Protein chains: 2
Amino acid sequence: MTPAAAPAAPSDLPLRERKKLRTRRDLVDTALRMFTERGFDGTTLDELCAAVEVSKRTFFRTFTSKEDVAMAPTQDLWQVFVERLTDRDPAGRPLAAELQDVLLEALAAMPDDGWAERTLLSRRLAASTPSMDAHGLHFCNRTSAGIVADLHRRLDLDPADPRPRLAIDLVVAAWHHALDSWTAQDGGHTRDALADRVRAAFAALPGALTFTAPARVAAAD
Amino acid sequence: MTPAAAPAAPSDLPLRERKKLRTRRDLVDTALRMFTERGFDGTTLDELCAAVEVSKRTFFRTFTSKEDVAMAPTQDLWQVFVERLTDRDPAGRPLAAELQDVLLEALAAMPDDGWAERTLLSRRLAASTPSMDAHGLHFCNRTSAGIVADLHRRLDLDPADPRPRLAIDLVVAAWHHALDSWTAQDGGHTRDALADRVRAAFAALPGALTFTAPARVAAAD
DNA sequence: CCGGATTGTGCCACTCAGTGGCATAAACCT
DNA sequence: AGGTTTATGCCACTGAGTGGCACAATCCGG
């Protein structure tokens, strides 16, 4: 429920909450490090909990699963995304463009202190760990379903109109492609570079539907 | 690896293979029934295996996970999809349109004998079981990644061009929306009705990118 | 600064998904 | 029929995830 990885409020929060946030942060950082060094399957929760000096019971009060802790960076981003979208009136201009703007805003709101590094580790792990990939996709699907439901409520759209949902799915597809290509690139894994990838992916969307592979000439090799 | 739920070859196959296929079919049918009646989490693998009179070890030689057995109908469809696509030359016309045709072909190739019913149960379960939803999305993502890689190989496309992948993701988004709305509709859960939903979702794709929610007039209620 | 109310944590035992190894039985092939 | 191949059953084991309860740390009113 709490933003967590955002170290936004180090003080002004009751001591208890700050401790919880610190524990959460420790768990995420240690998990990403251990999973990266020894593999996701090669690391048991008991080992992770021992390293952070926390009981397994506490781990499951903070995260819903072993996969969950390693997906924290992405979840933090989408949480901000949803918050920002709630503050807006998305009517009167193309929905997909609106969502693109909100996504870029949320991205810009991610903390400077290491969010990009954590995201990179998280994505690399997801690429090689089926259960993490599955967990991430489910989170994304659940979140976008919530967004669609919210939009229908706020804008009282025709429930039978498939376009709002398809619009979100288009945005999500572009986001995923941006994230994958950013993860795969050599170096320069900054937040701004990711934002550039997002813009490029969005720009490619209109042409994707009509994209036609050129017929090959006879002898090419 | 084997097509399985397709009862295409009842004979002409060695006895051993037929037995395996029968076991697989029994497992899928019984699993869908038990999961539907008692819930996914309310059914243990031991109970399922006892009902089919198969050892748990054998179950895991046929399916990779508890979720897997309940997703069999969808997987059978996409397996045919991939096979059909391999037999084609997708160059020279819009890729998305080509993929739409292949999807409708694969759909038409699904057996009459109850595929639609199994799919309906499977989707309803997935809608209420997070781990099944996650598993299904992961399968879908892995499959489409394979398709993209194959297309790049066969058509030697520019590896940096995001459009082929986005095109697939668009098709997948339309498919998912078609499947969800078909699942949610009242009655008439036939293969043909699903095909109609698929066509409708595809038709809505071009408008999704430019969809704009109408600005609300002041007093609506 | 101290009391009780509140809330987070540690420990323990438990269920159940998923895996590896090995013996056995069924189907295959002359 | 007889030897080979291949699937199945059984058993023990790891590790994720959960519920219950006692304990300790924080909070808050005096």
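Tutor: Let us begin with a term: two residues are in contact when heavy atoms of theirs lie within 4.5 Å. On that basis, among the contacts in chain A between residues at least 6 apart in sequence, 63% join residues at least 24 apart. Please keep in mind that this is a predicted model.

Now for the setting. Chain A has 10 helices and 0 strands, so from the N terminus on its elements run α-α-α-α-α-α-α-α-α-α, with helices defined as DSSP runs. Its C-alpha trace spans about 60 × 55 × 30 Å along the principal axes. Of the 221 residues of chain A, 52% count as buried. The chain exposes about 10900 Å², and carbon and sulfur atoms supply 53% of that area. As for charge, chain A carries 28 positive and 32 negative side chains, with the centres of the two sets 5 Å apart.

The interior is where your question leads. In soluble globular proteins, nonpolar side chains tend to be buried together. Here, the largest nonpolar core has 96 residues. The residues with the most contacts inside this core come from both chains: A:Leu77, A:Phe81, B:Leu77 and B:Phe81. What does B:Leu77 touch, once its neighbours within four places in sequence are left aside? The partners of B:Leu77 are B:Leu103, B:Ala106, B:Leu107, B:Met110, B:Trp115 and B:Trp175.

Not counting residues up to four places away in sequence, A:Leu27 touches A:Leu48, A:Val52, A:Phe59, A:Thr62, A:Phe63 and A:Val69. For a sense of distance, A:Leu27 and A:Asp113 are 86 residues apart in sequence and 16 Å apart in space, C-alpha to C-alpha.

B:Thr129 sits in the loop between helix H7 (115-128) and helix H8 (130-154) of chain B. Because its relative accessible area is 6%, B:Thr129 is buried. B:Thr129 is also 89 residues from B:Phe40 in sequence, while their C-alpha atoms are 7.1 Å apart in space.

For contrast, turn to A:Glu53, found in the loop between helix H2 (45-52) and helix H3 (56-62) of chain A. At 73% relative accessibility, A:Glu53 counts as exposed. Its phi is near 60 degrees, a positive value in a residue other than glycine. In chain B, B:Glu53 likewise has a positive phi of about 60 degrees although it is not a glycine, and B:Glu53 is found in the loop between helix H2 (45-52) and helix H3 (56-62) of that chain. With 72% relative accessibility, B:Glu53 counts as exposed.

Finally, how do the two chains relate? A rotation of 180 degrees, with 0.0 Å of shift along its axis, superposes chain A on chain B with an RMSD of 0.1 Å. The two copies are therefore related as by a two-fold rotation axis. The same surface serves both copies, since 100% of the contact residues of chain A recur in chain B. Of the residues of chain A, A:Ala134 comes closest to the rotation axis, its C-alpha lying at 2.4 Å.

Methods:
Residues numbered from 1 in each chain as written. Chains lettered and ligands numbered in written order. Predicted model: local features only at pLDDT ≥ 70, side-chain atom pairs only at ≥ 80, totals over all residues. Heavy atoms only, no water. Core = buried A, V, L, I, M, F, W, Y, C linked by side-chain atoms within 4.5 Å. Buried < 20%, exposed > 50% of the residue type's maximum accessible area, 1.4 Å probe, protein only. Helix = DSSP H or I, 4+ residues; strand = E, 2+ residues; numbered from the N terminus. Areas by Shrake-Rupley, 256 points an atom, 1.4 Å probe, with all protein chains shown as cover. Lys, Arg positive; Asp, Glu negative; His and termini not counted. Charge placed at Lys NZ, Arg CZ, Asp CG, Glu CD. Least-squares fit on C-alpha atoms with pLDDT ≥ 70 in both.
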